[in-house]
Amino acid sequence: MASIKSFLKKNKKQTENIKLKLDSFDEEIELRIISGREYDRIQDQCYVNKTGRKGRQERVLDSSKYNNLLCSSSVVVPDLQNAELQASYGVVGEQDLYGEMFNFADHLKILGAITKASGLEDFEDLVDEAKN
């Protein structure tokens, strides 16, 4: 039986940040795994009401917005809140900078890296395996 002491915050293992080299830049970017609380906040921001069957409103996840917020929230280096960096791309705000700074290939690599580091890539494999 596990001791409660092993679950105290001071005993929680810290996750290492991920370094990722993108073709668009000479230096690596650095990513982090977001907390459960941040994940919930991002998910809440990405639900939209759409008219469904028989005119009823349904909550639907905007997956594009969700992926963009998830990725931009994971970027540690460069600091997407940096005003000088935002100004150099002619944008204001973290999400606008992310969208302007990283191309589609970069975005997919970032999404793949945080998915893999979070352990979700293995989970999807298990789901696929269970289906077969």
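Biologist: Ala, Val, Leu, Ile, Met, Phe, Trp, Tyr, Cys and Pro count as nonpolar, Asp, Glu, Lys and Arg as charged, and the others, Gly among them, as polar. How do the residues lining the second largest pocket divide?

Modeller: That lining has eight nonpolar, five polar and one charged residue. Please note that this is a predicted model, where local features need pLDDT of at least 70 and side-chain atom pairs count only at pLDDT 80 or more, while totals for chains, interfaces and linings use all residues. Residues are numbered from 1 along each chain as its sequence is written, and side-chain values use heavy atoms, without hydrogens and water.

Biologist: Which residues lie nearest the centre of the second largest pocket?

Modeller: Ile34, Tyr39, Leu70, Ser118 and Leu120 do, out of 14 lining residues. Two or more lining residues come from each of H1, H2 and helix H5 (104-117). The volume of this second pocket is about 200 Å³, meaning the space filled by probe spheres set on the grid points.

Biologist: And what lines the largest pocket?

Modeller: Its lining consists of Lys9, Lys12, Lys13, Gln14, Thr15, Ile33, Ile34 and Ser35. Two of these residues are nonpolar, three polar and three charged. The largest pocket holds about 250 Å³ of space. A pocket is an open set of points on a 1 Å grid where a 1.4 Å probe fits, with protein on both sides within 12 Å along at least five of seven lines; lining residues have an atom within 4 Å of a point.

Biologist: Changing topic, at what angle do H1 and H2 pack?

Modeller: Helix H1 (residues 36-45) meets helix H2 (residues 63-74) at about 150°, and their axes are 9 Å apart. H1 is therefore roughly antiparallel to H2, a label for angles over 145 degrees. A helix here is a DSSP run of H or I of at least four residues, and angles run from 0 to 180 degrees between N-to-C directions.

Biologist: Which residues make that contact?

Modeller: H1 contributes Tyr39, Arg41, Ile42, Gln43 and Gln45, and H2 contributes Lys65, Tyr66, Leu69, Leu70 and Ser73; contact means heavy atoms within 4.5 Å. By class, five of them are nonpolar, three polar and two charged.

Biologist: What about H2 and H4?

Modeller: H2 packs with helix H4 (residues 94-101) at about 95°, with axes 10 Å apart. The two helices are therefore roughly perpendicular, the term for 65 to 115 degrees. Asn68, Leu69, Cys71, Ser72 and Ser73 of H2 touch Glu94, Gln95 and Tyr98 of H4. This contact has three nonpolar, four polar and one charged residue.

Definitions and conventions. Angles under 35 degrees count as roughly parallel, over 145 as roughly antiparallel, 65 to 115 as roughly perpendicular and the rest as oblique.
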